[in-house]
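Biologist: Hi, can you walk me through this one? I'd like to start with what the words mean.

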Amino acid sequence: MLLLILLLLPLAGALALYPLRHNVALAKQTAMGFALAEFVLVVVVWFAYSVPAAEAGTRFQLEFAVDWIPAFGTRFALGIDGVALVLLAMTAFLVPGLLLFSWNEDLPEGRTHSGYFALLLATEATLMGVFTATDVFLFYVFFEAMLIPMYFLIGRFGGPRRQYAAVKFFLYSLFGGLIMLASLIGLFVVSRDQLGAGTFSWADLQRAAANVPESTQIWLFLGFFVAFAIKAPLVPFHTWLPDAGAEAPVGAGVVLVGVLDKVGTFGFLRYCLPLFPLASQRLAPLVLTLAVIGILYGALLAVGQSDMKRFVSYTSIAHFGFIAVGIFSFSSQALAGSSLYMVNHGLSTGMLFVMVGLLVVRGGSRLVEDYGGVAKIAPLLAGCLLLAGLSSLALPGTNSFVSEFLVLVGSYPREPVYTVLATVGIVFAALYVLWFYQRTMQGPLRGAAVLGALERAVPAAAAAGRSASAGGPGSMLDPGIAARRDSSGFPDLSRREIAVLTPLIIGIMVLGFVPGPVLDVINPSVVATMNEVGLADPVGGTAR
Amino acid sequence: MRLLAQTAPTQPIDVPAIDYGAIAPLLIVLGAACAAVLVEAFLPRHQRWPVQVGLSVAALGLAGLSLGLYAGSAGAAGITTLADAIAVDRPTLFLWGTLIALTLGSVLLIADRSVEPGGAFVAALPARAMIGGRPVELPPERGYGSPEQAPTMQTEVFPFTLFALGGMMTFCAANDLLTMFVALEVLSLPLYLMCGLARRRRLLSQEAAVKYFLLGAFASAFFLYGLALLYGYAGSVKLADIATAAAGSTRTDALLLGGLALLVVGLMFKASVGPFHTWTPDVYQGAPTPVTAFMAACTKVAAFGGILRVLYVAFGDSRWEWRGVLWAIAIVSMVIGSVVGLTQTDVKRMVAYSSVAHAGFLLLGAMSITEAGTSGTLFYLLAYGFTTIAVFGVISLVRDAGGDATHLSQWAGLAKRSPVVAGVMTFLLLALAGIPLTSGFTAKFAVFAAALDDGMAPLVIVALVTSAIAAFFYLRVIVLMYFSEPAEDGPTVVVPGAFTTAAITLGVLITLLLGIAPSLALGWAAGGGFVS
């Protein structure tokens with residue numbers, strides 16, 4: 001029941017914004033109210049979830065089920081395991097911050113914030129559905145329904161090439177979804193052969209999975225895999241992400257890259273491995289190859305990007321490669337690492353995306369070359385960008401280090417070659433993050449966007465008179481720079497922006513130093529997945 | 001007289017037993033159609049419209065009521081009546097219910113006089129005729145109303161609709177091929193006429209009517225040839241006898257297969273399955289939009305009802321001999337519908353090609369001679385019919401000075417002018433594309449699951465790939481409506497009157513309902529099999 005409310009609350013919020021659409025201020029507050037309520041609810045769910053029960057072998061908790069379409073053997077069944085729980089928590093944690101970030105964002109002409117916020121809440125609702133569904137049919141319904149609000153978010157509120165990006169996103173995803181539908185129908189038919197009556201219950205299908213012949217499993221696996229690989233995205237299926245990520249407005253972009261894409265990796269973990277154990281093992285080399293290519297290729301392309309949002313998208317492709325390596329090397333450590341990585345990637349890439357968004361708001365350009373020396377005039381912004389970048393490259397002490405380390409340690413015993421190749425990706429990560437930081441933040445003030453913003457502000461500053469707060473003799477600061485900093489053509493972080501970033505920074509640091517509580521929640525579910533795959537752990541012991 | 005009767009040879013003629021309860025809906029509809037003709041003949045012009053609308057709606061309501069009463073009392077087995085000419089079984093009842101409900105929606109669209117002032121139908125050219133390149137003064141048109149009233153529309157369209165509905169209902173209940181042929185003609189002739197009645201773009205409308213008539217006549221001829229061959233093979237036109245003959249015969253199969261092939265051509269034409277679809281885009285485009293709605297939804301239901309029964313009852317046991325051909329037809333239909341649909345620039349033509357693709361999907365279900373196949377196809381027809389009616393209802397609202405603004409470029413930025421209409425259209429297009437939580441998805445799932453279960457995995461893959469292709473052109477309309485800027489001299493969106501609003505609302509609600517809670521309708525569709 002708790003989960004049903006969790007699912008319906010953001011949906012109710014999205015609907016509630018419709019009658020309020022002409023009163024934008026009230027609509028924004030209502031949306032924020034619903035998003036915060038959802039977060040509180042997730043906290044309640046977190047405490048209602050029992051780790052000992054999961055360790056004792058309960059696969060799903062807080063279950064809720066009613067009959068839906070008996071003719072198709074499908075039920076409206078919700079339930080969560082540890083992995084789903086942490087992803088739910090991450091989603092609900094990110095959304096209020098994104099609403100706050102977008103509070104005064106410039107939208108394309110004729111669009112209002114009420115529509116924007118309603119679509120964000122609708123996306124959140126479908127994500128809740130995807131993570132909580134324990135019926136494969138229901139999962140598919142949410143998986144496809146998720147496309148629609150995101151399509152409108154990109155297409156209505158995005159950048160100059162938003163139409164192209166939105167359609168590309170939709171068609172890629174829909175194509176994957178339809179391939180998956182073929183497998184879904186196949187699964188239904190197979191389940192009828194195996195169990196007597198067709199069913200979509202995840203638990204029943206999992207129990208029957210071991211008896212399905214390997215060749216059948218491979219076909220069904222491929223259907224699901226293609227859909228998830230497009231969503232995640234793994235390398236040959238990735239080309240929609242840079243476009244969609246670049247054109248999406250920042251709030252939607254964070255949801256897209258940070259959460260929506262996790263549905264793909266979550267799908268690998270929840271559906272591909274347990275439902276098709278034999279096929280997963282047989283095809284693991286293929287997936288690992290794609291994943292490692294993704295790590296290296298994504299990192300290389302990230303180095304070469306001139307568009308900052310595309311840069312973030314390509315770093316994500318590299319990270320998804322790591323997650324996939326962890327999932328398909330079949331050890332509980334690596335699985336736990338991958339699960340944690342999904343959360344961490346949401347936080348660190350989310351923050352990186354937000355930082356890029358802050359730069360774009362100020363400079364009006366997405367190009368790296370239009371920025372330079374920003375640290376001189378906006379030091380707080382530069383510091384936060386550095387932190388986000390370091391978290392993205394998995395510096396020890398930040399959250400991503402724990403998960404990346406677990407993935408690599410866990411993968412090595414079974415897949416040494418792929419692991420070593422993946423490690424090279426870490427070096428690239430340092431390259432792309434630090435070089436990006438150097439180009440945009442350090443050195444003398446330069447770049448069309450920065451200088452342009454400063455020029456525009458000069459008359460205003462002159463009218464207001466020279467500020468006496470900083471600079472001048474006796475100060476460490478160059479008077480010229482101090483003047484420019486105060487003239488607010490390229491302001492440092494505002495209080496609202498700091499309020500957006502603080503939770504993210506806290507999250508990144510806390511998960512970097514004490515990942516234990518989260519890993520405790522994840523571990524029992526990961527062990528259960530290992531049992532479902534039917535492989536023994538290569539080293540023994542779970543991640544802690 | 002009495003003497004004469006006594007001296008005549010006393011060969012007893014068996015009066016076939018008639019189950020009036022079972023065929024009451026059919027009798028009501030055909031009776032109302034005859035009454036509507038009388039109304040047309042005897043009432044003064046300005047009284048016809050309200051009487052015709054009232055009569056049609058009342059007849060449909062009564063027919064629906066008697067159908068509901070009979071369905072509630074009848075067993076799942078089904079009966080045949082009128083000397084086995086008509087089979088009233090669960091699929092028949094489901095199809096009748098679907099047809100009556102869809103016709104009700106269409107009649108609401110047809111009756112509307114607010115969207116196109118005075119209604120969408122006229123019989124004669126307006127007073128703008130040209131002779132020798134010069135405009136000629138014609139005597140003022142006799143308005144369809146009393147002198148002080150605004151002109152009303154041509155009302156023959158109501159009896160046409162009822163006759164066509166009667167033909168459709170007979171067509172999908174017909175248990176022998178001869179009844180089926182008569183029903184085919186009864187449903188087709190009014191439709192040919194209805195296509196030519198458009199008030200705007202007369203030439204296009206009349207061209208559509210002629211094209212539909214000529215090609216339809218060919219298709220009827222094919223059907224009749226097929227019937228003759230099958231009679232030669234089985235010695236009977238009854239579906240059950242053909243099945244028996246096919247099962248236990250040592251004769252050559254040439255007559256059987258030849259007859260079936262010709263029969264199928266006739267049926268596929270009516271159902272606008274590719275490659276027999278060539279009339280569809282022109283007729284959909286040219287016919288008045290409310291008539292297009294009726295034709296697109298109801299003809300498809302009736303035609304596939306007939307196809308299901310013929311394939312299941314008469315040719316179910318010989319399916320391994322013809323299925324290969326139907327595989328090819330289904331693939332051709334799906335590919336033509338979705339690929340050629342991509343290149344269309346007219347909304348009505350686009351929906352026409354979409355209907356060709358949908359016909360291919362439906363054929364998947366009709367080909368799998370299983371209970372799941374039958375019930376899936378029936379459900380698909382219900383879902384598709386309502387979505388289609390609502391789609392054409394919305395299309396009729398977007399207008400400019402020349403009538404319906406159907407060119408795609410005219411739909412640009414529609415969401416800005418009329419967010420509700422754009423939202424409704426988006427929902428309906430997503431349903432046609434088969435996105436979950438709409439009836440389109442449930443229906444596709446039901447049909448594809450049945451097909452996969454019956455060993456047609458490659459066809460299901462093709463169907464899914466073509467679905468993805470078709471999604472592109474639905475998406476294009478959504479992109480145009482939402483993401484493009486409206487043109488300065490773009491079309492206006494008419495605020496619909498009560499009738500059109502009711503029809504669109506009905507279609508949208510059922511599309512949503514069948515997507516979220518389809519159990520009831522699925523249960524009805526799976527209520528029982530064909531009787532023979």
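Modeller: A residue is buried if 20 or more other C-beta atoms lie within 10 Å of its own, exposed if 12 or fewer, and partly exposed in between, with C-beta atoms placed from the backbone. This is a predicted model, where local features need pLDDT of at least 70, side-chain atom pairs count only at pLDDT 80 or more, and totals for chains, interfaces and linings use all residues. Residues are numbered from 1 along each chain as its sequence is written, while chains are lettered from A and ligands numbered from 1 in the order in which they are written.

Biologist: OK, what share of the residues of chain B count as buried?

Modeller: 57% of the 532 residues.

Biologist: And how many helices and strands are there in chain B?

Modeller: Chain B has 20 helices and seven strands. Those are DSSP runs, numbered from the N terminus: helices are H or I with at least four residues, strands are E with at least two.

Biologist: Which residues of H10(B) are buried?

Modeller: Helix H10 of chain B is residues 279–286, and eight of the eight are buried, so it is largely enclosed by the rest of the structure. Among them are Trp279(B), Asp282(B) and Tyr284(B).

Biologist: What covers the buried residues of H10(B)?

Modeller: The cover includes helices H6 (177–195), H7 (202–234), H11 (289–314) and H13 (347–367) of chain B.

Biologist: Switching topic: how many residues of chain A are in contact with chain B?

Modeller: 27 residues of chain A are in contact with 24 residues of chain B. In contact means that their C-beta atoms, placed from the backbone, lie within 7 Å.

Biologist: Which helix gives the most to that side of chain A?

Modeller: H8(A), with 15 residues. The side of chain A that touches chain B divides into 20 nonpolar, four polar and three charged residues. Here Ala, Val, Leu, Ile, Met, Phe, Trp, Tyr, Cys and Pro count as nonpolar, Asp, Glu, Lys and Arg as charged, and the others, Gly among them, as polar.

Biologist: What about H5(A), buried or exposed?

Modeller: 20 of the 20 residues of H5(A) are buried, so that helix is largely enclosed by the rest of the structure.

Biologist: Last one: what does Val29(B) touch?

Modeller: Not counting residues up to four places away in sequence, Val29(B) touches Ala59(B), Ala63(B), Leu162(B), Leu165(B), Gly166(B) and Met169(B).

Technical notes:
Two residues are in contact if their C-beta atoms, placed from the backbone, lie within 7 Å.
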